[in-house]
Amino acid sequence: MSAVKTSAPRFTSNEGVIDAAKAVLGDILLFCEDSVGEVNLVLDRVRVVEGLTLLRDTPGLEYQQLMEIAGVDYPDREERFEVVYCLLSLTRNHRIKVKTSTDEEKPVPSVTGIWPVAGWLEREVYDMYGVLFSGNTDLRRILTDYGFVGHPQRKDFPLTGYVELRYSEEAKRVVYEPVTLAQDFRNFDFMSPWEGAKYVLPGDEKAAAPGAPAPAPQPEAKGAPTPLTGDELRKPAKAEVAKPKAGDGPADTGAGKSGPEAGAAPADPDLVKKPRKPRAKKAPEGEA
């Protein structure tokens with residue numbers, strides 16, 4: 001019986017891909033690299049449609065399928081946004097990433113004329129990052145809610161957002177309101193939870209032993225930790241509960257009595273004890 005070979009697909013080697021892309025793209029290609037087993041090509045934004053068409057139709061490259069369009073935000077760059085096209089060659093079983101960069105105002109040419117599926121993918125990048133795509137006839141938000149303000153995948157977008165929506169019982173409809181945080185900003189000490197804090201946490205002052213004077217209240221600012229240390233609090237003493245011993249009888253434990261001052265339990269009148277018969281003595285051996 002022949003050995004069963006693995007069913008995992010074999011990917012084509014990256015060897016020769018960059019050279020073929022350089023020969024075809026020419027000055028459209030701004031940068032290329034083979035990093036961690038992936039080929040990355042950076043194209044001129046204005047000619048990105050022309051470059052992607054050449055990558056799709058050129059023999060030896062033949063990246064027929066657009067798998068994904070992703071966005072990346074680099075706020076420190078002059079053109080802060082990167083648009084990444086993930087391409088797959090079905091005939092060669094090979095993948096590459098094609099990138100281009102832009103900012104908040106410069107649009108990226110739409111590739112819906114090459115791959116119609118790019119319509120929804122470009123809408124996702126527009127919704128999350130605010131990247132504009134010229135030529136997309138239906139560039140609307142697709143992931144966020146109606147009336148959403150801002151683009152949530154930008155690095156400068158606040159984690160809580162700008163507005164929140166809720167159902168208003170007074171207006172009998174869903175309303176949008178600016179985000180307001182109910183609690184003040186908290187101070188974190190970043191201490192080890194196993195070692196314990198060096199100050200008394202709010203509420204721990206109630207755990208003092210009975211009769212011990214409570215620590216004097218200290219004036220403090222909002223959110224500031226108390227100046228007391230954990231060693232200054234005494235743990236409450238455990239109350240000792242007397243348990244009856246296993247050998248205690250009714251006279252010691254009071255079992256069978258109606259109360260602590262009562263005498264012994266009365267005899268049961270319905271219980272009649274029969275007299276015992278005397279046992280016959282055995283005759284010594286040798287006597288008849």
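A salt bridge (a side-chain nitrogen of Lys or Arg within 4 Å of a carboxyl oxygen of Asp or Glu) joins R47 to E50, with 3.2 Å between the closest N and O atoms. The structure is a predicted model, in which local features require pLDDT of at least 70 and side-chain atom pairs count only at pLDDT 80 or more, while totals for chains, interfaces and linings draw on all residues. Residues are numbered from 1 along each chain as its sequence is written, and side-chain values rest on heavy atoms, with hydrogens and water left out.

R47 is partly exposed, at a relative accessible area of 27%, and E50 is likewise partly exposed, at 39%. In these terms, buried denotes under 20% relative accessible area, exposed over 50%, and partly exposed the range in between, computed with a 1.4 Å probe and the protein chains only.

The protein comprises four helices and nine strands. Along the sequence they follow the order α-β-β-α-β-β-β-β-α-β-β-β-α. Of the 288 residues, 26% are buried. Contacts (heavy atoms within 4.5 Å) between residues 24 or more positions apart make up 48% of those with a separation of 6 or more.

A nonpolar core is defined as a set of buried Ala, Val, Leu, Ile, Met, Phe, Trp, Tyr and Cys residues joined through side-chain atoms within 4.5 Å. The largest such core contains 34 residues, and L52, L55, Y85 and L87 have the most contacts inside it. Elements contributing two or more residues include the helices α1 (17-25), α2 (48-57) and α3 (118-129), together with the strands β1 (29-35), β2 (38-43), β3 (65-73), β4 (81-89) and β5 (94-102). Helix α3 provides the largest share, five residues.

The structure holds 15 salt bridges in total. Side chains of opposite charge can pair when their charged atoms come close. In one of these bridges, the side chains of D127 and R141 meet at 2.6 Å, N to O. D127 belongs to helix α3 and R141 to the loop between β7 and β8, so the pair ties together parts that are 14 residues apart in sequence. D127 is buried, at 0% relative accessibility, whereas R141 is partly exposed, at 24%. A further bridge links R166 and E177, whose closest N and O atoms are 2.9 Å apart. Because R166 lies in strand β8 and E177 in strand β9, this pair ties together parts that are eleven residues apart in sequence. Both positions are partly exposed, R166 with a relative accessible area of 37% and E177 with 26%. Salt bridges also form a network that links D73, R80, E104 and D156.

R154 is placed in the loop between β7 (133-134) and β8 (163-168). A polar atom of the R154 side chain lies 2.7 Å from the backbone oxygen of Y129. Beyond neighbours within four places in sequence, R154 is in contact with D73, R80, F81, E104, M128, Y129 and G130.

H94 is located in strand β5 and is buried, at 2% relative accessibility. Its side chain makes a polar contact of 2.9 Å with the side chain of Y63. A polar contact is a pair of N or O atoms within 3.5 Å; within protein, one must be able to donate a hydrogen and the other to accept it, and residues adjacent in sequence count only if both atoms are side-chain atoms. Residues up to four places away in sequence aside, H94 touches T12, S13, N14, V17, V39, Y63, L87, L88 and S89.

Positive phi values in residues other than glycine occur at N93, near 55°, and at K172, near 60°. N93 is situated in the loop between β4 and β5 and is partly exposed, at 25% relative accessibility. K172 occupies the loop between β8 and β9 (173-178) and is exposed, at 52%.
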